[in-house]
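Hi everyone, thanks for coming. I'd like to walk you through one structure today, so please have a look at it while I talk.

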Amino acid sequence: MRNPLRPLDRYVFGEFWRIFVITALGFPLLVIVIDVTDRLEKYLNRNLTWQQIALSYLYWIPESMFMVMPAAVLFATVFSIGALTRHSEITAAKASGISFHRMVLPIFLGAGLVAVLALALGEVVPITDAKRNEILQEKRYRSGSDRFNFAYSASGGRIYKVASLSVERRSIEGIEIERKGRGAENPTYLLAAPLAQWDSSRKYWTLRNGTLHIVPDSLHNITIRYDSLRDRVFTEAPADLTTSPRAPEEMGFRELGRFIRSLDRSGADSKELKVEQSLKIAIPITCVIIAFFGAPLATSSQRSGAAFGIGISLATTIFFLMLIQLTKAIGQGGVVPPRLAAWLPNFLFGAIGAALLSRVRT
């Protein structure tokens, strides 16, 4: 069988991939060096060994690589096509009847492979982040004695909404406990109380002066007032409730989706998390879009040399990262739907890339 990739295709693909690997590994290493100089004293104060610190940064590489994937693709596209342009290899290919679009096709193929790699890396990041946080003892140093205005997703489909929690007093001020039901035999109920006290000997909470709403169907709402109610299912100790919720980068796409649905059922604000979940797909797709954006830009570096390629790549990377932060803010603020906000950078770069690519002389 004939190899579908011609020698020219393999040459262009090899140039792209070589630069991509150097950039994709170089950026995270630079970030690690900066982070080490900033946090080394804090880690040494935690009595961490040098081996533990080094291993924690090894586990950090997947997360740092995930965000720089689009930038690495852009650098690889600009420098590989720029080199072909400066050495008149694109001119020679056109003279042989090979169009510009056909010549850079291996680069678009490489960008597609990077997008698949980024999708897989996004699912690996939660695992490596959990191991890194365990080594650095982040949970131990992150927890506090008080917590305010939070939602907690418990087992059995129960959602706790807490206004104020005090670990020292073992009490909660303002609590709602909701369990979504499945009909009259297993109805939805809502427990609400202005005060709850933890019984450390019996390991359960006692709610005081509250109400119990039982909703067997959409037409009925049974309300019961009580002076004192012992919730034997509510067995999470005060210290357990102070544990900070896992960050979006510590959860995979599906796990983050389940957490978002729990927050929605409890009435908590999940806009920021919806943006983060959509970015887990949008950023890998950006790797393909950024190649269409960078390919026509690289042809203009024929006389400008490597400095132009570095400048245009760095400027685009900084603009892209700023745009990501901007879309997070407008998505969290509700200016646009959260999931749409995550895709706005792709729409912008895709439109500009399509316009530039259509004007390139083929």
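In H11, the buried residues are Pro338, Ala341, Ala342, Pro345, Asn346, Phe349, Gly353 and Leu357. Before I go on, please keep in mind that this is a predicted model.

Let's stay with that helix for a moment. An α-helix has 3.6 residues a turn, so residues three or four places apart point the same way.

How far apart are the end C-alpha atoms of helix H11? Helix H11 covers residues 338-358, which is 21 residues, and at 1.5 Å a residue these should span 30 Å. The end C-alpha atoms are 31 Å apart, so the two values agree. H11 also has a bend of about 35° at Leu344, and a proline, Pro345, follows within four residues. Pro345 is also one of the buried residues of H11.

Now let's step back to the whole chain. The protein chain contains eleven helices and six strands. Of its 362 residues, 43% are buried. If we take contacts between residues at least 6 apart in sequence, 63% of them join residues at least 24 apart. The accessible surface is about 19,400 Å², and carbon and sulfur atoms account for 59% of that.

Next, a pocket. Rolling a probe the size of a water molecule over the atoms shows where empty space is left. The second largest pocket holds about 420 Å³ of space. Its lining has 16 residues, and Phe27, Val31, Ser64, Val68 and Leu321 lie nearest the centre. Which helix gives the most to this lining? That is H2, with seven residues. Helix H1 (7-45), helix H2 (50-86) and helix H10 (306-332) each supply at least two residues.

Let me finish with two single residues. Ser164 sits in strand S2, which runs over residues 158-166. Is Ser164 buried or exposed? Ser164 has a relative accessible area of 15%, so it counts as buried. Leaving aside residues up to four places away in sequence, Ser164 touches Arg147, Phe148, Ser171, Ile172, Glu173 and Gly174.

The other residue is Glu255, found in helix H8 (residues 253-266). Its relative accessibility is 27%, so Glu255 counts as partly exposed. Glu255 and Gln277 are 22 residues apart along the chain, and their C-alpha atoms are separated by 9.7 Å.

That's my tour, and I'm happy to take questions!

Definitions and conventions. Residues are numbered from 1 along each chain as its sequence is written. This is a predicted model: local features need pLDDT of at least 70, side-chain atom pairs count only at pLDDT 80 or more; totals for chains, interfaces and linings use all residues. Side-chain values use heavy atoms; hydrogens and water are left out. Buried means under 20% relative accessible area, exposed over 50%, partly exposed in between (1.4 Å probe, protein chains only). Contact means heavy atoms within 4.5 Å. Accessible areas come from the Shrake-Rupley method with a 1.4 Å probe; for residues, only the protein chains shown count as cover. The expected span of a helix is 1.5 Å times one less than its number of residues. The bend at a residue is the angle between axes fitted to the seven residues ending there and the seven starting there. On a 1 Å grid over the protein atoms alone, a cavity is a set of points where a 1.4 Å probe fits but cannot get out, and a pocket is an open set with protein on both sides within 12 Å along at least five of seven lines; lining residues have an atom within 4 Å of a point. Grid points are joined across faces, edges and corners, and a volume is the space filled by probe spheres set on the points.
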